[in-house]
Every structure is written in structure tokens, then in C-alpha cells.
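Subject: Structure for you to look at

Hello,

I am handing over the structure below. Please open it first, then read the notes that follow.

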Amino acid sequence: MQNVDQQEIEKFAKMAQSWWDPDGDFKPIHRLNPLRLDYILHLSDGLFGKRVLDVGCGGGILAESMARQGAEVTGIDMSPQPLQVAQKHAQQSGLNIDYQQTTIEDFLQALQQQQGEKFDVITCMEMLEHVPDPSAVVRSCQALLKPDGVLFFSTINRTLKAWALVVIGAEYVLKMLPKGTHDYDKFIKPAELLAWCDAADLSCFDSVGYHYNPLSGRFCLNHDVSANYMLAVRQK
């Protein structure tokens, strides 16, 4: 069986048309994206000329920003509506991004059969908490990463603080996200993600939390990973 939750696919399909509206359903991602991009650029020593894979690319916000840095970007997702939005927006922006509707597991199998080149940088942002088996995604990402490559994960810690901020705060109080976007039971503790990485022969060399200030309307990065967080990992 594919590592796909059809309810999650349908959830994001319904929001697809607002993907590139900076004040729409994906307003938090638009505001967070510059920080994510800077973090990726810093820890990967730039993206120019590198092969990059964006896993769970959605409508392409991060994929486009990495392509503008000179990366050769492939974006994969299983929801067709966001991919259509991503493809159309990339064409309008004059960017050449290879978008494919596939799972990471099927993508890996196809690449192995074709003996294709692996990737210098892989990003998997806000995706692990939306699939039935996130550990399988970690393993597939490791298999697609070059020996000296860098892999980035971001997800949500399973804490009461995260539930209060991400579910109650963002979805119900601030209404930055549609109600029901996140399921607390699917949130992932850093120790769990680190264990999956360790089992896949990946080593974490940096971690950071990101936090939203409703007064300034801005995100910031710090070392508090009690809610949303990112990890940078590489091959052991």
C-alpha cells in the first residue's frame, strides 16, 4: 500500500487555489518561507547548480524560492490540484521545475531503476505529520541523498504547547489556517524523528524551532523546539 492518507490529500486539494495568495490559507507558509530558505542556504552552503528534491512540495512556494537560487529543483507530491497550481505558477514565473505526482517511495524506486543521479539537497517540510508512516519517508529520503548531501525536515512537536499554538491558536483564534489542518496525534516528537534518522544512518547536525509573533506578524528562529521545528541531517 502507498504511504498516503487520502483524507490529507483531499484536505490540501480543497485549499489549492489559494496557495499563492499571501493572505490566503497558506499565509503562514508565505511568511515563514524566507526564514526557511535562509536556513537551507546557510547549512547547504548555497544551492546554485545543485540538484534539489522538495518532498511534499504542494503548490511550490519553497520549490520556486530554491529554483530562483539557481538550483535544479524536482518537486513531488501526491495531491494533483496543488501540483497543477505549482506547475502553472512556475510557468508564469519563467522557472523550470520538474513537478511529479508520486510518493517518495515510488520516486525512489523509479530513480533506482533508471540509475538516476541522487540529490545534493532534499527538503521535506510540513509533510511528515500528514502521512501514515513518516519513518518510511525518512528512509527513502536517505536513499536519495548523495553521500555529502544535506537533508532538511520540518514538522511539529507533540506537546501541549504545540497543540495550543498550532491548532487552537493558528486555526481557531488567529484563523491563519483552516480548521482541521492539523491532527495533534500525528505530531512528531524530536526524539522520534531523531530515532528514525539514526535507524536510516542519518546524523542530525543542527536543529531550530520557529515561532510566530501575532503582534508583529513575523516568524523567528531560535533553539526552542517545543512547537514547530526543523532538523538538518546528513549521512553518517
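F107 is buried, at a relative accessible area of 8%; buried means under 20%, exposed over 50% and partly exposed in between, with a 1.4 Å probe and protein chains only. Before the rest, some conventions. This is a predicted model, in which local features need pLDDT of at least 70 and side-chain atom pairs count only at pLDDT 80 or more, while totals for chains, interfaces and linings use all residues. Residues are numbered from 1 along each chain as its sequence is written, and side-chain values use heavy atoms, with hydrogens and water left out.

Aromatic pairs

The search of the whole structure gives eight aromatic pairs. Rings of Phe, Tyr and Trp (its six-membered ring) pair if their centres lie within 6.5 Å; planes under 30 degrees apart are stacked, over 60 edge-to-face, and the rest tilted. One of the pairs is F107 with F119, which is tilted, at 6.0 Å centre to centre and 40° between the planes. F107 belongs to helix 5 (residues 104-114) and F119 to strand 4, so this pair ties together parts twelve residues apart in sequence. Helices (H or I, at least four residues) and strands (E, at least two) are DSSP runs, numbered from the N terminus. F119 is also buried, at 1% relative accessibility.

A second tilted pair is formed by Y212 and F219, with 5.1 Å between centres and 55° between planes. Y212 is partly exposed at 24%, whereas F219 is buried at 16%. Elsewhere, ring pairs link F12, W19 and F26 into a cluster.

Charges over rings

R51 lies over the face of F119, at 4.3 Å from the ring centre. The criterion is NZ of Lys or CZ of Arg within 6 Å of the ring centre and within 35 degrees of the ring normal.

Strand 5

Ten of the twelve residues of strand 5 (residues 145-156) are buried, so the strand is largely enclosed by the rest of the structure. Strand 5 pairs with strand 4 (residues 119-125) in the parallel sense over six bridges; two strands pair if DSSP finds at least two bridges between them. In this pairing F119 stands opposite L145. From strand 4 the chain passes through helix 6 (residues 134-144) to strand 5 in a right-handed β-α-β crossover, meaning that, with the strands pointing away from the viewer, the path from the first strand over the helix to the second runs clockwise. Strand 5 also pairs with strand 8 (residues 228-235), in the antiparallel sense over six bridges, and F153 stands opposite L231 there.

Regards
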